[in-house]
Amino acid sequence: MFDTLLIANRGAISCRILRTLRAMQVKGVAVYSEADLSSLHIREADVALSLGEGPAAQTYLVTEKIIAAAQQSGAKAIHPGYGFLSENAAFAEACEAAGLIFVGPTPQQLRTFGLKHTARALAKAEGVPLLEGSELLADISEARRAAEMVGYPVMLKSTAGGGGIGMRVCRDANALSEAFETVQRLGQNNFSDAGVFLEKYIERARHLEVQIFGDGKGEVIALGVRD
């Protein structure tokens, strides 16, 4: 068990993790961009280290800066929270290479499930029912052809997106054209991946999730269904 953990995130996400660390008597290390200097998670952390100036793409998404901060603080583990680098397989591998515990799935699992289009491909191969959708889309022309095949309305999605970031409902070709570069940019800026695809949009749907927890040693449990 480690005694110091760095949280590679910010805001409310970091605050929740810090509360748990205090209950576990584990030292919590926060990181921040200079724009987030007044954020609550900095004040609640045992140690707070700056990632410098700039947007997320130049701070929270820079693997080298996160690992350097962990090494500087003496942290033995990194918790990515959600969003940012949490589903980045290369980041998980970099943590392992630096001798740090990555609190999350293995790099192989992240490569399969961290990108929505590869998760769809695996589900399809296993016979799981799916909404009609596309592979990764190279450009707007390819997106228009895919949307015509699927049928409007469609949901344009960032393959690396999470937390509702990088999704646009498109009800016709004009809306798709307007959204395409925006969704690409959101994916690149927030997740360092501009890949996009589309799926049929369901107007009235229920969002059901099954929460899965594993200990990294082969023991896995389902924590129930979240509606």
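Predicted model: local features only at pLDDT ≥ 70, side-chain atom pairs only at ≥ 80, totals over all residues.
The largest nonpolar core holds 26 residues, and the members that touch the most others are Leu6, Val31, Tyr60, Ile66, Ile78 and Phe91. Two or more residues of this core come from each of β2 (27–32), α3 (63–73) and α4 (89–97). For Leu6, residues up to four places away in sequence being left out, the contacts include Val29 and Val31. Ile66, Ala69, Ala70 and Ser73 are also among the residues touched by Leu6, as are Ala75, Ala77, Ile78 and His79. In soluble globular proteins, nonpolar side chains tend to be buried together.

Helix α6 spans residues 116–125 and contains Arg120. The buried residues of this helix are His117, Arg120 and Ala123. They lie on the same side of α6, because the arc they cover around the axis is only 120 degrees. An α-helix has 3.6 residues a turn, so residues three or four places apart point the same way. The element against which the buried residues of α6 pack is β8 (196–200). Arg120 has a relative accessible area of 14% and therefore counts as buried, the limit being under 20%. Beyond its neighbours within four places in sequence, Arg120 is in contact with Leu130, Leu131, Glu132, Gly133 and Ser134, and also with Phe197 and Glu199. After α6 comes Gly127, which has a positive phi near 80 degrees.

Seven salt bridges are found in the whole structure. One of them joins the side chains of Glu93 and Arg111, at 2.9 Å from N to O. Glu93 belongs to α4 and Arg111 to α5 (residues 107–113), so this pair ties together parts 18 residues apart in sequence. Glu93 is partly exposed, with a relative accessible area of 35%, and Arg111 is partly exposed at 43%.

Arg171 and Glu203 form another salt bridge, at 2.5 Å from N to O. Arg171 is in the loop between β7 (167–170) and α8 (173–191), while Glu203 is in the loop between β8 and β9 (209–214), so the pair links parts 32 residues apart in sequence. Arg171 is partly exposed at 48%, and Glu203 is partly exposed at 46%.

In the salt bridge between Asp227 and Arg206, the closest N and O atoms are 2.4 Å apart. Asp227 lies in the segment after β10 (220–226) and Arg206 in the loop between β8 and β9, so parts 21 residues apart in sequence are tied together. Both Asp227 and Arg206 are exposed.

Note on methods. Residues numbered from 1 in each chain as written. Heavy atoms only, no water. Core = buried A, V, L, I, M, F, W, Y, C linked by side-chain atoms within 4.5 Å. Buried < 20%, exposed > 50% of the residue type's maximum accessible area, 1.4 Å probe, protein only. Helix = DSSP H or I, 4+ residues; strand = E, 2+ residues; numbered from the N terminus. Contact = heavy atoms within 4.5 Å. Arc of directions from axis to C-beta. Salt bridge = Lys/Arg side-chain N within 4 Å of Asp/Glu carboxyl O.
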